[in-house]
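Thanks for coming. I will go through one model today, starting with a definition and a single residue and ending with the domains.

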Amino acid sequence: MTTDTRLGAAADTGKRPHQGSRTRAEARAGYVFLLPWLVGFFVLTVGPMLASLYLSFTDYDLFGAPEFIGADNYKDLFADPRFRKSAQVTGLYVVLGVPIKLAAALGVAMLLNAKRKGLGFYRSAFYAPSLVAASVSIAIVWRAMFIDDGAVDRALQVFGIHLGGWVGNTSMIMPMFILLAVWAFGAPMVIFLAGLKQVPGELYEAADMDGAGRWRKFVNITLPMLSPVIFFNLLMDTIGSFQVFGSAFIISSGTGGPADASLFYTLYLYIKGFSEFRMGYASAMAWVLVVVVGLLTLVFFRTSKFWVHYAGEE
Amino acid sequence: MTARNRRSTPRYLPLAAAATAATLALTACSSGSDGGGEPGSGGTVDPDEQITLTMYWWGNEDRADRYNEAIELFEEEYPNIDVQANYSAWDDYWPARATEAAGSSLPDVFQMDLAYLSQYGGRNQLVDLTPYLGGELDATGMPEELLDSGRVGDGLYAIPQSTNTLAMFSNPELIEELGVEAPTADMTWSDYAQWAAEAAGAGADADPALYGAYDFTGVFWLFIQYMVQNGNEVFTDDGELAFTEDDVLEWLSLASDLRAEGQVWPPDRAAQFDPLDGFSAQEVATSGTWDNFLAMYYADTGLDELDILPIPTVEGNDARGLFQKPSMLLSAGQNTEHPEAAAALINFITNDAEAGAIFGTSRGVPATESARSEMDVSGTDEQVITFEEEMADEITEPVPTLPEGFGTIEAAWLRLSETLAYGEITEDEFVQQWFAEAESALP
């Protein structure tokens with residue numbers, strides 16, 4: 001922004017050459033300072049990305065040289081039942097996990113937004129799980145909690161519910177992963193909390209005057225005022241959920257079991273690339289994911305103007 | 001927070017995987033041919049040169065202790081060589097090696113399995129050890145056929161350390177608890193299935209339920225053994241499947257009733273105990289697997305007495321058709337700077353009497369006379385060696401040559417077997433899906 005203004009001002013005053021060379025010098029200095037990042041960006045991100053794009057059109061087993069095979073990997077992908085299964089598993093996880101997690105995060109954030117004693121403690125306590133949820137140790141503990149006669153099984157038995165272990169149960173393993181995701185709602189919660197603090201108190205006072213109930217205030221004030229924050233959390237968590245890997249890898253010992261019920265997309269990608277040595281195929285999978293996530297992001301942005309409300313925009 | 005700020009935020013982490021792939025491509029192997037050479041033409045270790053070797057193996061802590069002890073002895077004998085050792089579990093071991101192979105950074109010495117030998121050996125990833133024979137590497141103490149199992153084409157790419165034979169373990173304490181007769185050595189596969197049904201019936205009311213067997217049809221090596229017992233070829237010389245879909249169906253049908261009646265260890269229990277199996281968890285009374293598992297089973301169960309039986313036979317043919325699978329081979333990575341020192345280390349682990357005594361039968365029965373010479377044959381080792389001696393006449397077949405991609409089809413077999421156990425696919429679908437995977441995995 002500042003650069004634009006200055007250029008405009010320079011043009012107006014007719015001192016352009018002098019100002020221009022200073023700007024160029026500054027720009028040069030800027031790029032020099034940016035250099036470490038730029039080198040990293042091109043060498044470690046853009047280069048490998050392009051290489052993987054090329055690899056996705058090859059038959060590459062990590063040992064020999066990649067052999068160009070056109071779009072065969074992509075054709076194989078869509079004929080592969082395990083690929084479809086992994087897309088299903090991941091889709092279900094995103095569609096169920098993200099809304100539940102965000103709802104939980106928003107609910108707790110609203111509770112913590114009140115003025116009570118010891119709120120700092122509660123905030124930290126609710127935030128803590130999100131710091132460790134992606135770790136290996138939590139996945140191991142989680143696994144131990146959800147086996148036959150594990151903590152969860154016993155607790156449910158108290159209420160007369162006999163489900164057995166969730167880990168070996170093909171229909172309960174997904175709810176377990178969703179619970180694990182929901183439990184780590186700390187990051188969106190903190191952002192919601194910050195958003196709630198920004199909602200002007202006058203709006204609620206005015207609504208109170210008009211006799212609006214709690215629900216009415218929530219739907220007509222809180223949600224619209226929070227919509228940019230909801231949008232941000234929705235986007236970040238959707239993208240993050242597509243990439244779930246660590247916990248799935250640990251809990252199923254890298255297999256996606258039982259019977260492929262936890263075969264998450266990135267886990268299957270890993271299996272293809274590093275267990276079956278089909279790196280070309282794995283690269284094709286990575287690019288399909290990039291395209292899908294990219295399209296979803298685009299859809300989110302396109303539809304956002306219908307439901308995301310920015311204060312100050314009229 | 002403006003829209004502009006947010007737009008730059010999404011980052012595409014899945015690309016990390018793709019990035020890895022690409023980095024690998026960029027650094028892809030500079031695999032030069034070794035050129036082979038005559039035995040004895042390889043160099044020898046220069047005692048004045050400081051050499052560091054890296055070494056990797058798969059296994060548990062017990063194996064690591066044994067390796068480390070053996071390596072210490074090696075370092076005493078070669079004070080100028082420093083060995084940096086590391087290990088991981090089987091499942092993590094191979095992806096790591098594959099990544100290193102792509103980046104030409106394989107360990108100087110690492111444990112190799114028959115399932116992967118043709119993949120690594122056939123692609124110039126391993127040092128041809130032929131030139132070091134008679135020099136740093138002495139292989140005269142092992143049978144010629146056994147040494148041959150480390151060859152791919154003309155090159156000698158791995159040195160077998162030991163041999164394993166398939167066996168049937170049983171847990172006498174559990175069998176007594178079940179109140180059924182113990183399984184016997186003269187059972188056929190269907191007798192065994194019948195026995196398992198009976199045992200499961202007796203254990204149904206225990207908590208947790210006890211079983212006679214897990215679904216043995218899910219063990220690919222047992223199927224291979226079954227094929228060999230039937231006098232069938234398993235893989236052709238070009239690395240293709242030599243058996244048919246009907247052969248697999250016949251094998252799977254041996255346990256159809258057991259699966260239908262819930263008389264094998266249920267898959268949800270298996271998923272929870274993984275990586276332990278039902279035998280280790282003491283919920284299953286028998287286990288058909290490699291005989292070197294005995295040491296592990298003793299450690300896992302904490303029991304004092306486990307029995308070894310030979311595996312069942314096929315109907316109408318008493319010949320057991322056992323084979324010895326060379327196991328725990330040692331290879332040297334093609335990129336090593338000190339192939340002569342790597343050969344010396346492999347030689348030491350293969351032949352040294354003290355090292356042999358340290359390993360015992362934990363890697364299988366040692367391949368060389370000298371490694372066996374100072375073994376304190378008692379306990380587990382004695383049981384395994386006695387078993388192999390008793391079976392000597394039954395070991396009549398060569399181990400099938402495993403094609404490139406074997407690791408993948410073996411894993412697919414195990415996975416589909418689990419899916420079958422959950423009842424999500426039929427036996428026909430198992431066969432259809434497995435053959436489809438084999439088609440894309442085999443050359």
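Two residues are in contact if their C-beta atoms, placed from the backbone, lie within 7 Å. Leaving aside neighbours within four places in sequence, A:Asp61 is in contact with A:Phe277, A:Arg278 and A:Met279.

Some housekeeping. The model is predicted: local features need pLDDT of at least 70, side-chain atom pairs count only at pLDDT 80 or more, and totals for chains, interfaces and linings use all residues. Residues are numbered from 1 along each chain as its sequence is written, while chains are lettered from A and ligands numbered from 1 in the order in which they are written.

Back to A:Asp61, which sits in the loop between strand E1 (58-59) and strand E2 (67-68) of chain A. Strands are DSSP runs of E with at least two residues, helices runs of H or I with at least four, numbered from the N terminus. Buried or exposed, then, for A:Asp61? A:Asp61 counts as buried because it has 23 C-beta neighbours inside 10 Å; the cut-off is 20 or more other C-beta atoms within 10 Å, again placed from the backbone. A:Gly273 is 212 residues from A:Asp61 in sequence, yet 8.0 Å from it, C-alpha to C-alpha.

Next, the interface. Chain A puts 48 residues in contact with 42 residues of chain B. On the chain A side, the elements giving two or more residues are helices H2 (16-55), H11 (214-242), H13 (265-275) and H14 (279-307).

Last, domains, with bounds from an automatic or database assignment. Chain A has domain 1 (2-55) and domain 2 (72-307), with C-alpha centres 38 Å apart.

Notes. Buried ≥ 20, exposed ≤ 12 C-beta atoms within 10 Å, placed from the backbone.
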